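Thanks for coming. I will walk through one structure today, starting with its aromatic residues and then moving to a few of its strands and helices.

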Amino acid sequence: MLPIPARRPQAERRSDENTSSMRPFTPPPLSASASPAGAPRRVRAMAWARPAAAIAVVVLALASSLGQAWDQDRMAQAAQRVGPRAVASVRALQPLLASAAATDERTLLASVNDFFNRRVVFTDDLAAWGSDDYWASPLETLERGQGDCEDYAIAKYFSLMAAGVPVAKLRLVYVRATIGGPGGAVQAHMVLAYYAQPGAEPLILDNLVGEVRAASRRPDLTPVFSFNSEGLWQGAAGAAAGDPTVRLSRWREVLAKARAEGFQ
């Protein structure tokens with residue numbers, strides 16, 4: 001793993017980027033092989049691809065049970081406890097979740113990505129929470145209206161699951177991001193990856209680039225490790241690396257908070 005600088009320059013803004021920058025968070029000590037940012041597109045795509053045989057059974061089992069996974073009343077009550085901005089945001093979010101059954105997943109991805117990118121302003125954890133590394137729940141992020149890279153990814157992850165996207169299709173991915181083109185500064189970052197089917201090239205939901213893009217169109221990102229509610233993996237396509245709730249204490253905490261907020 002490349003060393004992560006303690007402080008980072010603000011990300012260079014492109015015409016298709018959010019005004020957000022990135023701030024480091026503390027990853028567990030996992031190692032992973034990864035293709036360099038300048039590798040051919042096919043090689044980069046393979047670095048993100050998940051082995052089909054390993055997850056096909058899981059995806060097939062989940063596909064037949066696709067349905068919404070959120071508690072409307074619990075979410076509304078939790079928003080009342082969190083604050084008025086959370087209440088207003090939940091009122092906007094719930095119709096999006098409720099309409100998901102009539103929406104194709106690609107459109108849903110774009111809608112959820114845009115929902116949080118527009119409502120949340122990038123702010124590092126120290127300024128937002130007074131902590132060097134705090135993983136906020138979706139409603140905490142919406143109430144504060146601020147968050148860093150993992151807060152965007154976490155909120156999108158739980159919202160897509162609430163809308164009925166199977167957990168097997170989603171992974172939060174810790175990446176090394178190259179800022180400003182080849183040879184630029186390398187920074188720690190987190191994105192959400194969506195796999196339409198086993199072995200497929202994922203689509204990347206990010207707070208830095210507003211458009212949902214295929215991984216091969218994000219040569220600036222190199223996956224280091226990935227996780228979801230059910231597993232932890234080296235890279236985005238590597239070997240299993242243990243129980244994420246054991247290895248990632250902040251993930252265990254945010255899982256409990258999100259479920260208390262009505263996200264399943």
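F115 has a relative accessibility of 6%, so this residue counts as buried; buried means under 20% relative accessible area, exposed means over 50%, and partly exposed lies in between, with a 1.4 Å probe and protein chains only. F116 is buried too, at 1%. Before going on: this is a predicted model, in which local features need pLDDT of at least 70 and side-chain atom pairs count only at pLDDT 80 or more, while totals for chains, interfaces and linings use all residues. Residues are numbered from 1 along each chain as its sequence is written, and side-chain values use heavy atoms, leaving out hydrogens and water.

Both phenylalanines belong to the buried set of helix α5, which also includes L108, L109 and V112. Helices here are DSSP runs of H or I with at least four residues, strands are runs of E with at least two, and both are numbered from the N terminus. At the start of α5, a side-chain oxygen of D104 comes within 3.2 Å of the backbone nitrogen of R106.

What covers the buried residues of α5? The cover includes α4, α7, α8, β4 and β5. In helix α4 we find A92, which is partly exposed at 30%. Leaving aside residues up to four places away in sequence, A92 touches F115 and R119, where contact means heavy atoms within 4.5 Å.

Now the rings. The whole structure holds 10 aromatic pairs. Rings of Phe, Tyr and Trp, the last by its six-membered ring, pair if their centres lie within 6.5 Å; planes under 30 degrees apart are stacked, over 60 edge-to-face, and the rest tilted. F115 and F116 make an edge-to-face pair, 5.0 Å centre to centre with 70° between the planes. W135 and F227 are stacked, at 6.0 Å and 15°. W135 sits in the loop between α6 and α7 and F227 in strand β7, so this pair ties together parts that are 92 residues apart in sequence. W135 is buried at 6%, and F227 is buried at 0%. Both also belong to one aromatic cluster, whose members include Y157, F158 and W251.

Two arginines lie over rings. R144 is over the face of W129, 3.9 Å from the ring centre, and the charged end of R171 is over the ring of W233, at 3.5 Å from its centre. The test asks for CZ of Arg or NZ of Lys within 6 Å of the ring centre and within 35 degrees of the ring normal.

Last, the strands. Is strand β4 mostly covered or mostly open? It is mostly covered, with 8 of its 10 residues buried. Strands β3 and β4 run antiparallel and are joined by 10 bridges; two strands pair if DSSP finds at least two bridges between them. L170 has Y194 in β4 as its bridge partner. The hairpin of β3 and β4 has 5 residues between the strands, and there G180 takes a positive phi near 85°. Strand β4 also pairs with β5, antiparallel over 3 bridges, and L192 stands opposite L205 in β5.

Technical notes: Polar contact = N/O pair within 3.5 Å; in protein donor to acceptor, adjacent residues only side chain to side chain.
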